[in-house]
Amino acid sequence: MPNHGDLLNHHISQQFNHELEELRNDLLAMGGMVEKQVSDAIEALVNADSDLGLRVCKKDNDINFMETAIDQECSRILARRHPAASDLRLVLACTKVATDLERMGDEAAKIARFAIELSEQGEAPKGYIETRHIGSHVRQMTQDVLNAFARFDARLALAVAKEDKAVDHEYRSATRELVTYMMEDPRSITRVLNIMSVLRSLERIGDHVRHIAEHVIYLVKGTDVRHIGIKRIQEEVFDRHVGD
């Protein structure tokens with residue numbers, strides 16, 4: 001597995017090395033902000049904290065700004081440096097990861113808006129336990145995938161990608177339980193539908209984390225693994241290079 005020096009400090013131009021390191025750091029800073037947004041949105045929901053929910057919504061503009069700044073940074077590097085090989089993969093991966101992070105921020109803002117609405121309704125609806133559980137799962141995945149990117153760790157990225165299937169299973173299971181609950185208590189329909197929307201946003205965050213994991217594998221291994229299953233990724237990218 002390449003280390004930081006392999007991918008970030010191999011140029012004669014120290015300025016180019018600095019630009020790539022700065023790009024990586026900016027993306028990790030954006031990722032840290034998104035991770036906190038997801039965490040705060042969940043806390044706002046389960047604690048009926050409308051003030052925290054409002055802060056999450058306002059912070060979404062900062063994430064949008066960071067995505068734009070990273071895209072501009074990548075465009076400048078492509079235009080001025082004409083990167084090739086691993087440098088090009090790093091720049092391309094950064095643009096794609098920034099897009100997924102921005103969409104994760106959008107989902108966090110949706111959760112925060114539901115948190116504000118539900119806090120105004122007063123009564124805590126069924127589904128908060130499932131929300132906290134799935135939310136904790138995707139938050140850990142987010143943390144792990146950012147660590148994988150920071151360390152150029154393709155194997156950790158693969159482990160994160162595998163977790164997306166578990167999140168999907170948890171989402172489907174929670175949804176079935178909530179549908180049953182609504183049938184038993186029609187008065188709860190509006191509130192529980194809101195919780196189901198929150199769970200859907202968390203499931204989508206899991207999808208975006210998997211996409212980021214795939215970008216990390218592409219960055220490190222040089223193989224585009226989008227649109228192929230985990231089993232094929234394992235066999236075609238990792239098992240053929242046991243020493244990696």
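**Helix packing and local features of the predicted model**

Asp40 is buried, with a relative accessible area of 16%; buried here means under 20% relative accessible area, exposed means over 50% and partly exposed is in between, using a 1.4 Å probe and protein chains only. The model is a predicted one, so local features need pLDDT of at least 70 and side-chain atom pairs count only at pLDDT 80 or more, while totals for chains, interfaces and linings use all residues. Residues are numbered from 1 along each chain as its sequence is written, and side-chain values use heavy atoms, with hydrogens and water left out.

Asp40 sits in helix α2. Helices are DSSP runs (H or I, at least four residues), as are strands (E, at least two), numbered from the N terminus. Between the C-alpha atoms of Asp40 and Gly127 there are 18 Å in space and 87 residues in sequence. Gly32 belongs to helix α2 and is partly exposed, its relative accessible area being 32%. From Met33 to Gln234 the C-alpha distance is 31 Å, with a sequence separation of 201 residues.

Next come the helix pairs. Helix α2 (residues 14–46) packs against helix α3 (residues 50–81) at an angle of about 160°, and their axes are 10 Å apart; axes are lines fitted to C-alpha atoms, for helices over the stretch in contact, and angles run from 0 to 180 degrees between N-to-C directions. That angle makes α2 roughly antiparallel to α3, given that angles over 145 degrees count as roughly antiparallel, under 35 as roughly parallel, 65 to 115 as roughly perpendicular and the rest as oblique. The crossing of α2 past α3 is left-handed, a label used if the near helix is turned anticlockwise from the far one by less than a right angle, with clockwise being right-handed. In the contact of α2 with α3 there are 17 nonpolar, 3 polar and 12 charged residues.

For α3 and α4, the axes come within 8 Å and the crossing angle is roughly 165°. The two helices, α3 and α4, are therefore roughly antiparallel to each other, and α3 passes α4 in a left-handed crossing. Their contact is made up of 17 nonpolar, 7 polar and 6 charged residues. Helix α4 packs against α7 as well, at an angle of about 170° and with the axes 9 Å apart. This again gives a roughly antiparallel arrangement, here of α4 and α7. The residues in the contact of α4 with α7 comprise 19 nonpolar, 8 polar and 9 charged.

The largest nonpolar core has 75 residues, and the members that touch the most others are Leu27, Leu101, Leu199, Leu202, Ile205, Ile217 and Ile233. A nonpolar core is a set of buried Ala, Val, Leu, Ile, Met, Phe, Trp, Tyr and Cys residues joined through side-chain atoms within 4.5 Å. Two or more residues of this core come from each of α2, α3, α4 (85–121), α5 (128–151), α6, α7 (189–221) and α8 (230–238). Helix α4 gives the largest share, 15 residues.

Ala48 has a phi near 50°, a positive value in a residue other than glycine. Ala48 is in the loop between α2 and α3 and, at 43% relative accessibility, counts as partly exposed. Ala85 also has a positive phi, about 55°, although it is not a glycine. Ala85 is part of helix α4 and is exposed, with a relative accessible area of 55%. Thr175 lies in helix α6 (residues 154–184) and counts as buried at 17% relative accessibility. The Thr175 side chain reaches the backbone oxygen of Tyr171 at 2.8 Å.

Terms used. A polar contact is a pair of N or O atoms within 3.5 Å; within protein, one must be able to donate a hydrogen and the other to accept it, and residues adjacent in sequence count only if both atoms are side-chain atoms. Ala, Val, Leu, Ile, Met, Phe, Trp, Tyr, Cys and Pro count as nonpolar, Asp, Glu, Lys and Arg as charged, and the others, Gly among them, as polar.
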